[in-house]
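Good morning, and thank you for coming.

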Amino acid sequence: MDPTTGGKVQAMVMGRLVPGPDGLPQIGQSVRKGQVLAYIEPASGVLERSGQMAQVAELRAGQALAQKRLARLRELSETVPRKEIEAAESEVNSLTERARALSGGLAGRDVLKAPVSGVIASSPAVAGQVVDARELVFEVVDPTQLRIEALAYDPAMAQNLAGAALAVGGQKVPLSFVGAASSLREQALPMLFKGTSESLSRLAVGMPVVVFVQEATTVPGYRVPSGALMKNPANQNIVWVKDQAERFEPRVVNITPLDGASIAVTSGLADGDRVVVEGASLINQVR
């Protein structure tokens with residue numbers, strides 16, 4: 001996923017999962033940034049919870065005494081220094097806030113919100129499920145903006161790039177080069193590309209693909225759709241050329257891949273040849 005337009009929703013505390021206002025989102029459902037996906041009710045032991053309740057009761061008792069003391073001081077405001085009244089007010093406010101904070105910790109819930117807008121890519125969440133802290137609950141992905149990682153076994157390739165493309169459903173998706181790593185991974189150099197085409201929504205995160213990289217060096221040849229390339233009985237690469245009406249001739253060719261949707265025929269064709277680009281497999285079955 002794109003680290004900018006995709007994100008993960010993890011639990012901050014251990015607790016029980018509770019559905020959000022619209023229920024638990026399902027895989028493939030669209031969500032918007034800031035949308036409440038679920039809540040987590042923190043789990044605490046009996047002794048820990050009893051201790052917190054005892055602290056709340058103690059703070060509230062101290063708050064009641066501080067309020068009574070403040071009331072008496074206000075009645076004697078003409079004879080009591082102003083600083084004592086202000087100190088009593090500060091004590092009342094402090095005890096009130098401490099009791100409210102501790103009470104909120106007992107009844108509070110951790111809110112799980114969508115970090116970005118997109119669709120739910122994966123989610124093992126079930127209502128009532130107990131999750132641990134830092135456990136992955138939801139994964140949000142923008143399917144139209146993905147990162148493509150390719151492994152190059154020639155480190156010099158990163159210095160000779162002119163473009164890159166990906167073939168998705170027979171369509172060419174142009175990619176832009178983001179950068180290359182400075183260290184090898186299993187004797188290969190990781191290279192990162194990005195694309196923003198709607199065709200990328202057909203891909204899934206973690207899906208293996210083939211990236212076609214164009215180098216700055218040029219190759220003389222003829223650009224032909226990859227669907228025109230066939231195999232003859234000798235397992236040689238051929239294309240069918242229309243010689244005359246209802247007559248087609250196979251030509252043995254040498255090729256170089258271009259972008260997944262097209263190939264470059266470097267030998268075997270001449271200017272003016274009409275290559276069959278649709279239905280070549282049907283002609284290839286005729287013997």
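The structure holds one aromatic pair. Here rings of Phe, Tyr and Trp (its six-membered ring) pair if their centres lie within 6.5 Å, and planes under 30 degrees apart count as stacked, over 60 as edge-to-face and the rest as tilted. The partners are phenylalanine 177 and phenylalanine 193, in a tilted arrangement with 5.4 Å from centre to centre and 55 degrees between the planes. The pair links distant parts of the chain, with phenylalanine 177 in strand β11 and phenylalanine 193 in strand β12, 16 residues apart. Strands (E, at least two residues) and helices (H or I, at least four) are DSSP runs, numbered from the N terminus.

Let me state the basis of these values. This is a predicted model, in which local features need pLDDT of at least 70 and side-chain atom pairs count only at pLDDT 80 or more, while totals for chains, interfaces and linings use all residues. Residues are numbered from 1 along each chain as its sequence is written, and side-chain values use heavy atoms, with hydrogens and water left out.

Buried means under 20% relative accessible area, exposed over 50%, and partly exposed in between (1.4 Å probe, protein chains only).

Alanine 181 lies in the loop between β11 (171-180) and β12 (189-195). Alanine 181 is partly exposed, at 32% relative accessibility. Setting aside residues up to four places away in sequence, alanine 181 touches Leu189 and Pro190; contact means heavy atoms within 4.5 Å.

I turn to asparagine 284, in helix α3 (residues 280-284). Asparagine 284 is buried, because its relative accessible area is 12%. Beyond its neighbours within four places in sequence, asparagine 284 is in contact with Met230, Lys231, Ile238 and Trp240.

Finally, the largest pocket. A pocket is an open set of points on a 1 Å grid over the protein atoms alone, where a 1.4 Å probe fits, with protein on both sides within 12 Å along at least five of seven lines; lining residues have an atom within 4 Å of a point. The largest pocket is lined by 37 residues, with Ala165, Val211, Phe212, Val213 and Gln214 nearest its centre. Strand β9 gives the most to this lining, with seven residues.
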